[in-house]
Amino acid sequence: MTDRIPVAVIGASGRMGMQACRAVEDAHDLDLVGRFGAGDDLGDLAGARVAIELTVPDASPANVAHCVERGVHAVVGTTGWSQERLDALRERLSGQPGVGVLIAPNFAIGALLMMSFAQQAARFYESVEVVETHHPGKVDAPSGTAARTASLIAAARREAGLGEVPDATSSDPDGARGARVDGVPVHALRMRGRVAHQEVAFGAVGEALTLRHDSFDRLSFMPGVLSGVRQVGDHPGLTVGLEHYLGL
């Protein structure tokens, strides 16, 4: 029998957390050893080797720090990780050289491909904007996926020597033009009946390219979550983006 990985889920009572618990229970090579909700004492994480962290931005850094201090690998789906928080986590991990942490803005394989395609296309188009749609229960905006996509696009544009996205808007008191993430316009919609959706629109003279990904059910995230659980122990330190585990 293969060595089964003991897994704990932090945020087990949330929609993603409940789905993750079921996915771990159904996996032939994983054991669900702990379920933790808001206010629970994480303690030794029930002896887990890997913790799946699916909570809220304000709670996530402390939860992940708890995992690192106890030598437990972490697979993190919570968004809202600023550069300052990432830097602090890298510093903490330097004291635990064998521990791996994966922070994944999105676990859906299609979303990762969409981000990769957007990065490839970015250097060819003068105009680009990102529109993301999520359920109204999401507490942060823009989504981690949108922010990550915009950063990847911005890096590709800089490498290609492209300037700012053309936009003659000089008056927008109500913010109709959305946010700017690394210079890329990003718009966030929150709508009942939606799960997670993103569109990246590119424009050049006489043509347009649109990339779109839709997650209609949280089941779409589970293959990526389980892939992260299985591989995080082989990637010590901090990894941002599941695509690095998948060779994208």
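**Entry 1: the enclosed space**

I started with the largest cavity, whose lining divides by class into 3 nonpolar, 7 polar and no charged residues. For these classes I count Ala, Val, Leu, Ile, Met, Phe, Trp, Tyr, Cys and Pro as nonpolar, Asp, Glu, Lys and Arg as charged, and the others, Gly among them, as polar.

A note on what I am working with: this is a predicted model, local features need pLDDT of at least 70, side-chain atom pairs count only at pLDDT 80 or more, and totals for chains, interfaces and linings use all residues. Residues are numbered from 1 along each chain as its sequence is written, and side-chain values use heavy atoms, with hydrogens and water left out.

My search ran on a 1 Å grid over the protein atoms alone: a cavity is a set of points where a 1.4 Å probe fits but cannot get out, a pocket is an open set with protein on both sides within 12 Å along at least five of seven lines, and lining residues have an atom within 4 Å of a point. Grid points are joined across faces, edges and corners, and a volume is the space filled by probe spheres set on the points. Helices (H or I, at least four residues) and strands (E, at least two) are DSSP runs, numbered from the N terminus.

I found 1 cavity of 30 Å³ or more. The largest cavity holds about 60 Å³ of space. Its lining is made by Asn-106, Ala-111, Met-114, His-134, Ser-143, Thr-145, Ala-196, His-197, Gln-198 and His-213. Here α4 and β9 are the elements that give two or more residues, and β9 has the largest share, with 3 residues.

Next I turned to the largest pocket, which has a volume of about 860 Å³. Its lining has 38 residues, and Met-16, Leu-54, Thr-55, Gly-77 and Thr-78 are the closest to the centre. The elements giving two or more residues to this lining are α1 (15-26) and α5. Of the elements, α1 gives the most, with 3 residues. By class I read 15 nonpolar, 18 polar and 5 charged residues in the lining of the largest pocket.

The second largest pocket has a volume of about 500 Å³. I list 19 lining residues for the second largest pocket, with Trp-81, Leu-86, Gly-144, Ala-147 and Arg-148 nearest its centre. Two or more residues each come from α3 (83-93) and α5, and α5 gives the most, with 4 residues. The classes here are 8 nonpolar, 8 polar and 3 charged.

I looked up Lys-138, which sits in the loop between β6 (127-134) and α5 (144-159). The side chain of Lys-138 makes a polar contact with the side chain of Asp-140 at 3.2 Å. I call a pair of N or O atoms within 3.5 Å a polar contact; within protein, one must be able to donate a hydrogen and the other to accept it, and residues adjacent in sequence count only if both atoms are side-chain atoms. Leaving out residues up to four places away in sequence, Lys-138 touches Thr-79, Ser-143 and Arg-190, where contact means heavy atoms within 4.5 Å.

Pro-142 is in the loop between β6 and α5 too. I checked omega from Ala-141 to Pro-142: this peptide bond is cis, near -5°.

**Entry 2: positive phi**

Most residues other than glycine have a negative phi, and most peptide bonds are trans. Leu-45, not a glycine, has a positive phi of about 55°, and I place Leu-45 in the loop between β2 (30-36) and β3 (50-53). Asp-182, not a glycine either, has a positive phi of about 55° and lies in the loop between β7 (179-181) and β8 (184-190).

For burial I use relative accessible area: buried is under 20%, exposed is over 50%, and partly exposed is in between (1.4 Å probe, protein chains only). Leu-45 is buried at 0%, whereas Asp-182 is partly exposed at 45%.

**Entry 3: rings and a helix**

Rings of Phe, Tyr and Trp (its six-membered ring) pair if their centres lie within 6.5 Å; planes under 30 degrees apart count as stacked, over 60 as edge-to-face and the rest as tilted. My search of the whole structure gave 1 aromatic pair. Tyr-125 and Phe-202 have ring centres 5.5 Å apart and planes at 40°, so the pair is tilted. Tyr-125 is in the loop between α4 (109-122) and β6 and Phe-202 is in strand β9 (residues 196-204), so the pair ties together parts 77 residues apart in sequence. I have both Tyr-125 and Phe-202 down as buried.

The buried residues in α6 are Met-222, Gly-224, Val-225, Leu-226, Ser-227, Gly-228 and Val-229.
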